[in-house]
Amino acid sequence: MQRHGWNLLIAILIAGFGLCGAPAALADVCAICGKPINGTVYVVTDQVTGAREIICSDCAKLPRCYICGLPIKKGEELELPDGRYLCARDAKTVVLKTDEAEQICAGVKGGLDRLFFRFTSFPTNVDVTVIDHIDAYTIFQSESPGLLGCTKPLTDENGRKRYEISLMTGLPLSELKETCAHEYSHTWVGENVNRTQRGLGRDAEEGFCEMVGYLLMDSQQDELEKKRILQNRYTRGQVDLFIEAEKRYGFDQILDWMKYGTTAQLEAGHLEKIRDVNVPAPAAAT
Ligand SMILES: [Zn+2]
Ligand SMILES: [Zn+2]
């Protein structure tokens, strides 16, 4: 799972600002250092609040917070061991302790089972670990700046299937919960769907996982996180179709389609195709 729009610092040069004849009383003040700006004005978007802030050229060079994308005031930065920086505000909202992140994820698993107990349960053959960007580099052999979490199927020493969920350290609490729900949904797919035989598309699987996270956030009235899920273009629109289909046809129908559907992904304008499923005849009792 990737964060969308990561570290996009939108710097707009307001050309000829000094020529506009703006009175000194209205001089722009840098949102970071608080000093009046002489010269180039940069506009940056706070990825947490969505607010546009103006900053000076000196502050534009400072290290940026990996959560909000804003430069961090000198002396207020928290540097993580993997080289990421956090601003003082966002440092308060993120989960940095490994055992805390694992506990939160265990809580999410319980939450998913309670929320969907009438339909299914989520796998228990799962180990949860917490990683940072250096671990991610080792796993993927490349930089993955927007990585939130990943799930890997494994075979244990007794030949049984297991899953390892890796969660990125330093995520805001809501994002950590949603990522955990997303990754648990991948383990559900791994246990319940024959991806190749079924011909399930990658975007559809991601859309399903995001929908599960969305429904969990909805049950916790986490409107901000719900908004973040909908803004993310990661699933190429599949998450929106899943949410709509769940409202119309119910969660049970979604699970049936995931397992036995005849199309690779959901189609806008043709959500009724979610009803086309090839449920296999029950196996003879032994
Ligand atoms: Zn995913
Ligand atoms: Zn920040």
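**Helix packing and cysteines in a predicted model**

In helix α9, the residues Phe251, Gln253, Ile254, Leu255, Trp257 and Met258 are buried (under 20% relative accessible area, with exposed over 50% and partly exposed in between; 1.4 Å probe, protein chains only). Helices (H or I, at least four residues) and strands (E, at least two) are DSSP runs, numbered from the N terminus. The buried residues of α9 pack against α4, α5 (195-198), α6 (202-219) and α8 (238-249). Contact here means heavy atoms within 4.5 Å.

The model is predicted: local features need pLDDT of at least 70, side-chain atom pairs count only at pLDDT 80 or more, and totals for chains, interfaces and linings use all residues. Residues are numbered from 1 along each chain as its sequence is written, chains are lettered from A and ligands numbered from 1 in the order in which they are written, and side-chain values use heavy atoms, with hydrogens and water left out.

Two helix pairs were examined. Packed helices are described by the angle between their axes and the distance between the axes. Axes are lines fitted to C-alpha atoms, for helices over the stretch in contact, and angles run from 0 to 180 degrees between N-to-C directions. The axes of α2 and α6 come within 11 Å and cross at roughly 90 degrees. Helices α2 and α6 are therefore roughly perpendicular to each other (65 to 115 degrees; under 35 counts as roughly parallel, over 145 as roughly antiparallel and the rest as oblique). From α2, the contact takes in Val108, Gly111, Leu112 and Leu115. From α6, Val212, Leu215, Leu216 and Ser219 take part. By class, the residues of this contact are six nonpolar, two polar and no charged. Ala, Val, Leu, Ile, Met, Phe, Trp, Tyr, Cys and Pro count as nonpolar, Asp, Glu, Lys and Arg as charged, and the others, Gly among them, as polar.

Helix α4 also meets α7 (residues 223-231). The axes of α4 and α7 come within 10 Å and cross at roughly 60 degrees. The two helices are therefore oblique to each other. Ser174, Glu175 and Glu178 of α4 meet Glu225, Arg228 and Ile229 of α7. The residues of this contact comprise one nonpolar, one polar and four charged.

The structure holds one disulfide, defined as a pair of cysteine sulfur atoms within 2.5 Å. The bond joins Cys105 and Cys180, with the sulfur atoms 1.9 Å apart. Cys105 lies in α2 (residues 98-115) and Cys180 in α4 (residues 173-192), so the pair ties together parts that are 75 residues apart in sequence. The link is right-handed, with 70 degrees about the S-S bond. Both cysteines of the pair are buried. Cys56 has Cys59 as the closest cysteine, but the sulfur atoms are 3.7 Å apart, too far for a bond. Cys56 is buried, at 11% relative accessible area. Cys87 is also buried, at 10%.

Gly190 is found in α4 and is buried, at 11% relative accessibility. Gly190 touches Lys161, Tyr163 and Arg195, not counting residues up to four places away in sequence. Gly269 is found in the segment after α9 (251-260). Gly269 is exposed, with a relative accessible area of 67%. Its C-alpha atom is separated by 9.3 Å from that of Leu241, 28 residues apart along the chain.
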